[in-house]
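Please consult the sequence and the structure shown here alongside the text.

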Amino acid sequence: FLEDEEDEYEPSEARVELPELSGREGAGASRERIEHNEEHGGHKRQRRAFLPKIIELAKRITVDISCLGDNPQYLTKDLDSISLPISKELEVADEFRNAILEFFYGMAIEQPHKVHCLSGLIQLCNVKNPKVGQYIIEYLHSKVQEILDGLSDEESVEKNEQDEANMIIYGSSECGPWDRLKLMLRFLASLTPILEDYSVVTIFKTFLETSINLQQEIGGETRSALSEMIFFSIISSIPYIIASDRNNEELKIRCNELLKIGENFKYYELKSTPEFLQHFTISNSETQKLPYEPQQMVNLILPAVKKLSEDGWNVAMFFDIQTIIEPYIKAELEKIESNNDQEMKSEEANEDEEKKEDENTEVKSEKKESEEKIKAQVPKHSLPQFKMPTMEIIKKHSGLDKSVGNIDSLWRTPRIILQVFNPSSIGFDTVPPTESYISLLLRDLTQDLV
């Protein structure tokens, strides 16, 4: 991890030179060793190539970011120490900025369970240097729009239909464009505290309505794999918005409105579960009984999130990063305010102390207002709405049969939940209930990680 000294991460164009031998004897001895190695089939010792300090810094920072949260005991210190060089160098060093931005995007895809830690780091960087937050939001927006533009590309769609070699290009570890969209929307949801005008909620609404309209376009007699995937992805990601700002009542109201919109989704009803989708089969339906009735993930997600809403949006399953970073954000904003109003505060410091003691009650009553004022001073950035593909383009992806990606392809057939453990007879279950949100979330995260 980074050291506390600021000199540790200051960039420099200087290269570290290897020590040179001085004197005729040293130089002659060096030549003799080289000639000896060449005569006996040895190799010359190659001089190590040294990278610029800013590149070395980027390499070290990315390693530290990838380890965020691995040891909760050091998370607070890690967030504060890593945010300092990022807030200073990302704005001025192009190579450093490109490396960090690409790493943020890659980590959100490869380690989606750490988006809350990433969000905390970005929020700290943002309050120390708002330009950093702006760069990150603009970059993430461009990556999402890039995925959407790729889906809208007619040539790309035709190529995917005809050229199976794309499977090799993407590789077995590629999750798929629609799953990438889900992961990026969750990342943006975790950054809600630094976004203006509840823009994430508006984006979620757009995707949710797209899912509903797609199913209606396809018709109730035909299953739309893409519609179910988008619906599950958006509804399951709504708690991410709440987890980023748990005490924001306005945010909870807006998320409840999303759930009401979700009620318009028309589920495709399976008349009978195909045998190849069943995890358990029976040979005689009259004498045998399945241990579990097959259930679809898409049918369970809306009731599960509604249950969270009814419980006051209890999202304790998510790491509460805001509690950790709020003291740092408050201290940083107070420091900025102190520097801006130094003259005014110096005059107030010279006032009569007796007058201050008489006003203790008034100061206490204003403390809460001051905290709200500080919170309102957090730099926020606009997140423009995305340009969505037309419905005609989206309908071409409806079956996901031509989609490249090992997660996207899972939705080509109905997603039946695997249940293995029988309910406990003593009331002590070792796994969360299948219909609970935490159970559905763990299944979803596991597939993204594995």
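## Overall architecture

The model is a predicted one. The protein contains 19 helices and 0 strands. Of its 450 residues, 42% count as buried.

Among contacts in the protein with a separation of 6 or more, 83% are accounted for by residues 24 or more positions apart.

## The pairing of H3 and H5

Helix H3 covers residues 75-89 and helix H5 covers residues 115-128; the two pack at an angle of about 50°, and their axes lie 9 Å apart. Angles of 65 to 115 degrees count as roughly perpendicular and those under 35 degrees as roughly parallel, so H3 and H5 are oblique to each other. Their crossing is right-handed.

On the H3 side, the contact involves Leu 75, Leu 79, Asp 80, Ile 82, Ser 83, Leu 84, Ile 86 and Ser 87. These residues meet Cys 117, Gly 120, Leu 121, Leu 124, Cys 125 and Lys 128 of H5. By class, the residues of this contact comprise 9 nonpolar, 3 polar and 2 charged.

The buried residues of H12 are Leu 251, Lys 252, Cys 255, Leu 258, Leu 259, Ile 261 and Gly 262. These buried residues pack against three helices: H10 (199-218), H11 (225-244) and H13 (297-310).

Technical notes. Residues numbered from 1 in each chain as written. Predicted model: local features only at pLDDT ≥ 70, side-chain atom pairs only at ≥ 80, totals over all residues. Heavy atoms only, no water. Axes fitted to C-alpha atoms, helices over the stretch in contact; angles between N-to-C directions. Helix = DSSP H or I, 4+ residues; strand = E, 2+ residues; numbered from the N terminus. Parallel < 35°, antiparallel > 145°, perpendicular 65-115°, else oblique. Left-handed = near helix turned anticlockwise from the far one by under 90°. Contact = heavy atoms within 4.5 Å. Nonpolar A, V, L, I, M, F, W, Y, C, P; charged D, E, K, R; others polar. Buried < 20%, exposed > 50% of the residue type's maximum accessible area, 1.4 Å probe, protein only.
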